[in-house]
Amino acid sequence: KLKLLCGDQGLCQEVSWVYYSVDLNTTDYIRNGNLVVTTGMIIHSEENLKKFIYEILLRNTAGLFINIGHYLHESGINKEIIDYCNVHNYPLFVFPWEIHIADIMQDYLNRIVLGQLHEESLTKAFINLIHRPDQEELYKEEIGNSSFMQVTNYCILCFSPHNKQIDPESKERILLQGRNAMNTYNTPYLFFPYFYYYILII
């Protein structure tokens with residue numbers, strides 16, 4: 001019953017977390033890569049919905065889920081809003097009121113946490129491969145159980161930002177933009193920070 005209305009070209013965007021928001025006054029707390037979920041309790045009008053989408057898009061969010069049927073209805077999402085989301089490749093989903101918003105959020109949060117745990121284990125395995133290639137027990141099984149198991153050759157790229165004293169928000173934005181770019185390719189990859197550097201494995 002989850003329906004994508006527009007922005008299908010942005011479905012490859014990285015989702016860092018799920019954030020519940022009800023109005024424009026809470027958008028300052030939204031972070032890069034957040035998937036925003038709302039009932040539209042205080043939004044109500046088409047004009048306010050457009051302003052809301054504009055604000056959360058500026059914060060590099062991954063998409064918007066609207067729980068329709070009570071405060072907002074699908075008929076209230078006009079062509080101007082749909083065109084705006086399509087132009088910016090911004091995924092806009094709707095789901096009916098009878099589906100509990102907590103269930104949607106829990107499902108996505110579970111996926112995100114499991115994905116983060118897997119990524120952390122895989123990152124550790126590749127770091128061990130780089131530093132201790134002779135100790136296969138530290139990385140062989142983890143890499144072998146991942147999507148990299150079908151890859152015979154790896155390319156490891158190391159990036160260094162001009163300013164090594166980079167703030168956490170900028171570091172988060174670099175990671176998000178890099179992963180969004182790599183998500184457009186149908187190939188296994190790993191992109192992570194390592195001390196003052198960024199490592200891309202493809």
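**Salt bridges and rings**

Me: What makes Glu136 and Lys140 a salt bridge?

Reply: Their closest N and O atoms are 3.6 Å apart. A salt bridge is defined as a side-chain nitrogen of Lys or Arg within 4 Å of a carboxyl oxygen of Asp or Glu, so the pair qualifies. This is a predicted model, in which local features need pLDDT of at least 70, side-chain atom pairs count only at pLDDT 80 or more, and totals for chains, interfaces and linings use all residues. Residues are numbered from 1 along each chain as its sequence is written, and side-chain values use heavy atoms, with hydrogens and water left out.

Me: Why is Lys140 called exposed, and why is Glu136 called partly exposed?

Reply: The classes are buried under 20% relative accessible area, exposed over 50% and partly exposed in between (1.4 Å probe, protein chains only). Lys140 has 53% and is therefore exposed; Glu136 has 42% and is therefore partly exposed.

Me: How many salt bridges does this rule give?

Reply: The count comes to 10. One of them joins Glu98 and Lys1, with the closest N and O atoms 3.7 Å apart.

Me: What makes the pair of Glu98 and Lys1 a tie between separate parts of the sequence?

Reply: Glu98 lies in the loop between β5 (92-96) and α3 (101-131), and Lys1 in the segment before β1 (3-6), so the parts tied together are 97 residues apart in sequence. Helices (H or I, at least four residues) and strands (E, at least two) are DSSP runs, numbered from the N terminus. Both Glu98 and Lys1 are exposed.

Me: How do you know that Lys79 and Asp83 are about one helical turn apart?

Reply: Both belong to helix α2 (residues 79-87) and are 4 residues apart, so about one helical turn separates them. Lys79, at 61% relative accessible area, is exposed, whereas Asp83, at 32%, is partly exposed.

Me: How many aromatic pairs does the structure hold?

Reply: There are 9 aromatic pairs.

Me: Why is the pair of Tyr194 and Phe195 called edge-to-face?

Reply: Rings of Phe, Tyr and Trp (its six-membered ring) pair if their centres lie within 6.5 Å; planes under 30 degrees apart are stacked, over 60 edge-to-face and the rest tilted. Here the centres are 4.8 Å apart and the planes stand at 70°, so the pair is edge-to-face. Tyr194 is partly exposed at 25% relative accessibility, and Phe195 is exposed at 65%.
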